[in-house]
Amino acid sequence: VRGFGDDDAKRGVQVTQSGEVWSAKWPMPATDFTNPSTRKSVSPNFTMGELPDIKIMFEVDGKLAKQAQRSNGSRNGGGGVRGKIQLKVPSCPFEGELEFYLVISSERHGPFRHDFANNIVCGAISFGADCFEQAKTGKGPIVEVQMLLPGDSLGDGAF
């Protein structure tokens with residue numbers, strides 16, 4: 001996984017479409033992992049297809065992060081970190097559940113299904129990832145959302 005430096009993170013979320021699959025990659029600031037007081041990060045708004053103003057909300061489990069830092073004898077920590085990711089879609093024109101995957105560092109989670117038309121925030125999805133080592137290099141992890149929107153079609157239904 002290619003990490004982004006803090007300057008890249010200021011550029012926002014990179015949205016692409018490959019065939020029918022939409023991908024939004026958010027380079028998180030490395031400082032969110034090297035500063036123990038940072039608990040939550042929120043991406044800039046972005047649009048995927050017909051879904052405007054989406055946000056990725058990322059929260060590190062502060063207690064576990066501090067334990068990892070202490071066990072490695074370093075303020076910048078090391079090893080894995082646990083936390084949660086939420087996806088906010090405040091305006092969804094589609095009825096029913098949308099299917100998506102979430103990726104942090106090299107860990108892909110899902111598929112998840114959520115009805116954003118009835119509840120704009122997908123509940124907290126827990127994860128564990130090795131983000132501290134990457135953050136020590138000055139590059140934060142990349143958080144990615146992969147989604148197939150209604151109307152787009154893959155022959156076998158999987159992506």
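User: Is Phe-116 buried or exposed?
Analyst: This is a predicted model in which local features need pLDDT of at least 70 and side-chain atom pairs count only at pLDDT 80 or more, while totals for chains, interfaces and linings use all residues. Residues are numbered from 1 along each chain as its sequence is written, and side-chain values use heavy atoms, with hydrogens and water left out. Buried means under 20% relative accessible area, exposed over 50% and partly exposed in between, with a 1.4 Å probe and protein chains only. Because its relative accessible area is 1%, Phe-116 is buried.

User: How many aromatic pairs does the structure hold?
Analyst: Rings of Phe, Tyr and Trp (its six-membered ring) pair if their centres lie within 6.5 Å, and planes under 30 degrees apart count as stacked, over 60 as edge-to-face and the rest as tilted. Phe-100 and Phe-112 form a tilted pair, 5.7 Å centre to centre with 40° between the planes. Phe-100 and Phe-116 also form a tilted pair, at 6.0 Å and 45°. The number of aromatic pairs held by the structure is two.

User: Which residues form one aromatic cluster?
Analyst: Phe-100 counts as buried because its relative accessibility is 0%. Phe-100 pairs with Phe-112 and with Phe-116. The one aromatic cluster is formed by Phe-100, Phe-112 and Phe-116.

User: Which residue has its charged end over the ring of Tyr-101?
Analyst: A charge sits over a ring if NZ of Lys or CZ of Arg is within 6 Å of the ring centre and within 35 degrees of the ring normal. At 3.5 Å from the centre of the Tyr-101 ring, the charged end belongs to Arg-108.
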